[in-house]
Amino acid sequence: MKRIILLAFLFHFSLAYAQKTENAPKLVVGIVVDQMKNEFLYRYADQYSEGGFLRLMNEGFYAANHQYTYMPTSTAPGHASIYTGTTPAVHGISANNWYDPHAKEIFYCVGDNSVKSVGLSTSAGQRSPKNLKTTTITDELKLFWNFRSKVISVSLKDRGAILPAGHLANGAYWYNDGVFITSSFYMDELPQWVTDFNNSGLANAYIKKGWQRFSPDLEYKASTADDSPYEMIFAEEDRPVLPKNLKKLAPHNRNADILKLTPFGNSIVLDFALKAIEEEELGKDAITDFLSVSFSSTDEIGHVYGTRAIEVEDTYIRLDADIAKLLNTLDEQIGKDNYIVFLTGDHGSAEVAQFSLDNKLPGGYIDTDSAAKALEEVMLTLHPSGMDLVETLEGNELYFDKEKVAAAGLKISDLAEAVAERFAYFPGIYAAYPTADIVKSASEEFPIKNLKRGIYPAVASDVIWVLNSGWMDYGSVGTQHGTPWKYDTHVPFILYGKGVKKGKIYRETNIRDIAPTLSMILQIPLPSGTTGTPIVEAIE
Ligand SMILES: [Zn+2]
């Protein structure tokens with residue numbers, strides 16, 4: 001009898017599908033923190049409030065070993081991979097900028113001359129997702145709900161707003177010199193609330209307030225001394241320290257864009273996002289809406305102050321407060337059990353190479369002049385035309401001039417092999433390969449598989465190389481990213497809210513698993529190019 005009851009219960013349970021609106025959260029908020037290393041969740045935890053990062057970790061699902069498994073680890077590929085559930089080899093956003101050897105020109109990931117700027121007169125708004133070749137989780141949500149879902153996206157960076165928004169968004173907005181703008185891909189003019197927001201003088205108010213320590217007695221024990229040689233000094237600034245008089249510095253340092261280099265770039269993005277929830281009535285009805293928020297002051301600050309500066313610690317403490325504010329607003333306006341939030345990073349970052357050198361850690365700066373000379377020499381051994389056969393270099397890739405190589409009676413594969421062989425033992429280069437070998441390879445080994453996942457075959461280069469751990473081609477202050485080493489690949493992934501099972505896992509999860517996990521929770525189709533798999537431990 002007992003068994004029959006149990007079976008009946010199981011049978012009933014397995015049939016307990018609800019109507020679709022009953023299961024659906026009212027709002028999904030996707031948070032991407034640009035250049036956020038997983039360790040930042042822990043390194044500054046003593047300074048975090050209970051309501052921000054720690055609330056998400058304690059009350060949500062946390063994947064502690066979440067990895068990018070491709071190169072290049074940079075902003076556009078990162079945002080695209082999070083939202084498409086796949087890697088650059090499939091979604092096509094293989095770098096922030098890439099060279100197309102057929103068109104013979106450099107493409108910006110979200111550049112689009114066929115659309116117009118909206119909200120300003122310069123070309124900064126000529127942007128769209130046209131280079132994104134597969135659908136996003138936001139596209140699938142829109143399609144599933146027959147276009148009744150609203151999708152709004154905001155970031156300091158155009159690419160941080162556009163790629164998450166997908167192809168069907170109601171709006172994607174990014175920051176440009178004190179105001180938020182968009183493109184005619186989305187709309188012909190800014191909504192009134194955006195114009196009002198832009199006219200409110202908020203950017204100037206932040207600049208006027210300046211950047212002081214989060215609290216005056218904070219010791220920043222997790223950071224190096226404030227005045228360190230690894231940090232950028234603003235024009236008209238004596239030392240790279242807090243406080244910073246932004247009002248005085250702004251006219252000499254990118255005007256209102258100086259906010260991008262302060263925590264208040266994140267704060268104004270949050271202000272805009274909260275306004276969007278209210279004005280666009282996100283999460284107000286039974287149909288799931290999506291708000292994408294990409295915080296990228298963290299990246300700009302890392303690039304000029306490195307990963308261990310007081311400025312970085314202060315920025316994360318303030319971001320924690322901003323996230324707490326966002327969660328409180330969602331509780332009040334959407335209702336505690338009616339929304340989902342996820343948080344991840346688009347890539348990590350290296351130690352400042354000079355810091356590594358000073359501390360006897362592996363690392364260094366590539367001598368680009370010597371590298372150019374080595375390339376010249378090897379090209380001359382192959383043919384008297386030498387460098388004339390090289391069309392261009394972009395990032396860690398080289399492209400031969402196919403017509404000239406053919407006219408010289410040479411084969412691209414022979415040239416590529418010779419250059420790769422020479423580069424492979426150049427100081428600071430870990431490995432170099434003919435790109436065609438990588439595209440054809442079935443190897444599961446590092447870094448071959450990482451490279452393969454990062455190459456979009458239609459625009460593949462001829463030679464590709466990977467720097468050694470800790471090495472970079474960069475100035476002596478601030479840091480860089482882009483490699484397949486763990487400091488660039490390990491980012492947080494936290495999922496929180498309706499339909500999410502609370503917990504923590506340590507097995508390796510992959511950046512491309514985020515979108516399919518959301519698809520399962522939202523019960524909507526997988527983005528078209530999905531190669532990730534759902535993180536089943538996170539699903540209730
Ligand atoms: Zn960056």
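User: In this predicted model, what share of the 540 residues of the protein chain counts as buried, and what makes a residue buried?

Analyst: The share is 59% of the 540 residues. A residue is called buried because its relative accessible area is under 20%.

User: Why are Asp299 and His303 called buried?

Analyst: The cut-off is under 20% relative accessible area. Asp299 has 3% relative accessibility, so Asp299 counts as buried. His303 has 17%, so His303 counts as buried too.

User: Which residues coordinate the zinc ion, and what makes their atoms donors?

Analyst: Asp299 (OD), Asp299 (OD), His303 (NE2) and His481 (NE2) coordinate the zinc ion, at 2.1 to 2.5 Å. Donors are N, O and S atoms within 2.8 Å of the metal, so these atoms qualify.

User: Why is the site of the zinc ion called irregular?

Analyst: The angles among its four donor atoms run from 55 to 158°. A tetrahedral site needs all angles between 85 and 135 degrees.

User: What is the secondary structure of the protein chain, and how do you know how compact the chain is?

Analyst: The protein chain has 22 helices and 19 strands. Its radius of gyration is 24 Å, close to the 24 Å from the globule rule for 540 residues, so the chain is as compact as a globular protein of that length.

How values were computed. Residues are numbered from 1 along each chain as its sequence is written. This is a predicted model: local features need pLDDT of at least 70, side-chain atom pairs count only at pLDDT 80 or more; totals for chains, interfaces and linings use all residues. Side-chain values use heavy atoms; hydrogens and water are left out. Donors are N, O and S atoms within 2.8 Å of the metal (3.2 Å for Na, K and Ca); water is not among the atoms, so sites may look incomplete. Four donors count as tetrahedral if all angles lie between 85 and 135 degrees; four count as square planar and six as octahedral if opposite donors are over 155 degrees apart and all others between 65 and 115; anything else is irregular. Buried means under 20% relative accessible area, exposed over 50%, partly exposed in between (1.4 Å probe, protein chains only). Helices (H or I, at least four residues) and strands (E, at least two) are DSSP runs, numbered from the N terminus. The radius of gyration is taken over C-alpha atoms; the globule rule is 2.2 Å times the number of residues to the power 0.38.
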